[in-house]
Amino acid sequence: MVFNQQWPGLEESYETLKEIAPAVAQQLADRILPQPNARLTSTALFFLSALRGGDIRSWIGEHAIKILGKLKPDLLRQLTGEFRVLGGMDEEGAIATRTADWRATLLPMLTGDSIEHIRLYTRYFEDQTRAEGKDGETPSDSRFLIDVTLSNIGRIQLDGMVGKQEKRLDMIIRTSQPLPKKVRSDMMDIFESANDIVGLNGAMTFQAAPDVFVEFSPETSQSPDRSGVIV
């Protein structure tokens with residue numbers, strides 16, 4: 001299964017729900033699907049959490065799943081399979097071995113009345129200093145990075161580090177030009193409110209210089225460090 005900046009199962013499912021269950025489609029648009037607005041961070045985190053767990057039901061909700069399962073079972077199977085692939089699972093739902101390398105996937109973005117996709121990069125850091133947990137699992141942190149260009153802001157990167165053991169989320173917002181004070185304040189309020197809801201601590205910082213953007217090259221497997229420097 002190959003994705004080329006598209007997620008066909010999700011796009012068809014959303015269009016189907018708009019036709020047969022407009023209220024459910026509207027709920028997806030209002031609360032679930034990431035959009036280029038102040039809710040982008042929280043909805044992207046919600047998507048990442050569901051993707052890592054491999055269960056699309058936990059992302060789009062039981063109601064949407066039941067409707068698709070009843071009226072479009074083949075489409076639901078396609079959507080579920082594609083979700084697992086994006087999450088790094090095999091056909092049986094087993095999670096592939098995670099390494100400290102960056103992994104690119106697609107983040108669905110609702111723009112207007114249609115779904116587009118942007119690159120989402122994730123990276124997992126296994127804690128080698130702790131003893132293995134139950135069933136061979138080890139505690140880990142994860143980092144995600146969203147890189148998108150918005151019409152009213154320009155290029156923006158959302159660079160987040162999630163600490164599983166510490167229940168912590170730290171975020172760096174990178175832009176080519178300094179964000180207005182009001183925008184920074186609003187983003188900070190949303191960030192703190194989202195952390196309070198899910199029980200996380202953390203801090204948000206802002207960077208505004210073109211040379212601090214994290215750049216990914218398709219020709220290299222090298223990874224940028226926390227400051228954005230390729231190492």
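A salt bridge here is a side-chain nitrogen of Lys or Arg within 4 Å of a carboxyl oxygen of Asp or Glu. By that rule the structure holds 10 salt bridges. Keep in mind as you click around that this is a predicted model.

**Stop 1: lysine 18 and aspartate 113**

Select lysine 18 and aspartate 113 and show their side chains: they form a salt bridge, with the closest N and O atoms 3.0 Å apart. Zoom out and you'll see that this pair links distant parts of the chain, 95 residues apart. Lysine 18 sits in helix H1 (residues 8-20), while aspartate 113 is in the loop between strand S1 (103-111) and strand S2 (114-126).

Lysine 18 has a relative accessible area of 23%, so it counts as partly exposed. Aspartate 113 is at 52%, and the cut-off for exposed is over 50%, so aspartate 113 is exposed.

**Stop 2: two other pairs**

Next, pick arginine 57 and glutamate 62. Their salt bridge has its closest N and O atoms 2.8 Å apart. Arginine 57 is partly exposed at 37% relative accessibility, and glutamate 62 is partly exposed at 38%.

Then jump to glutamate 215 and arginine 155, whose side chains meet in a salt bridge at 2.9 Å, N to O. This one also ties together distant parts of the chain: arginine 155 is in strand S4 (residues 154-163), glutamate 215 is in the segment after strand S6 (204-208), and the two are 60 residues apart. Glutamate 215 is partly exposed, with a relative accessible area of 43%, and arginine 155 is partly exposed at 22%.

**Stop 3: H1 against H2**

Go back to H1 and color helix H2 (residues 22-32) alongside. At what angle do H1 and H2 pack? The angle is about 135 degrees, and the axes are 5 Å apart. That makes H1 oblique to H2.

To see who touches whom, show Tyr14, Leu17, Lys18, Glu19 and Ile20 in H1, then Pro22, Val24, Ala25, Leu28 and Ala29 in H2. Sorted by class, this contact has eight nonpolar, no polar and two charged residues.

**Stop 4: H1 against H5**

On the H1 side the contact is made by Ser13, Thr16, Leu17 and Ile20; on the H5 side, by Ala64, Ile67, Leu68 and Leu71. Here the class count is six nonpolar, two polar and no charged residues.

**Stop 5: along H3**

At 1.5 Å a residue, the 14 residues of H3 should span 20 Å, and the end C-alpha atoms are 20 Å apart, so the two agree.

Which residues of H3 are buried? Highlight Leu40, Thr41, Thr43, Ala44, Phe47, Leu48, Ala50 and Leu51. Then step off the end of the helix: H3 is followed by glycine 54, whose phi is positive, near 80 degrees.

Definitions and conventions. Residues numbered from 1 in each chain as written. Predicted model: local features only at pLDDT ≥ 70, side-chain atom pairs only at ≥ 80, totals over all residues. Heavy atoms only, no water. Helix = DSSP H or I, 4+ residues; strand = E, 2+ residues; numbered from the N terminus. Buried < 20%, exposed > 50% of the residue type's maximum accessible area, 1.4 Å probe, protein only. Axes fitted to C-alpha atoms, helices over the stretch in contact; angles between N-to-C directions. Parallel < 35°, antiparallel > 145°, perpendicular 65-115°, else oblique. Contact = heavy atoms within 4.5 Å. Nonpolar A, V, L, I, M, F, W, Y, C, P; charged D, E, K, R; others polar. Expected span 1.5 Å × (residues − 1).
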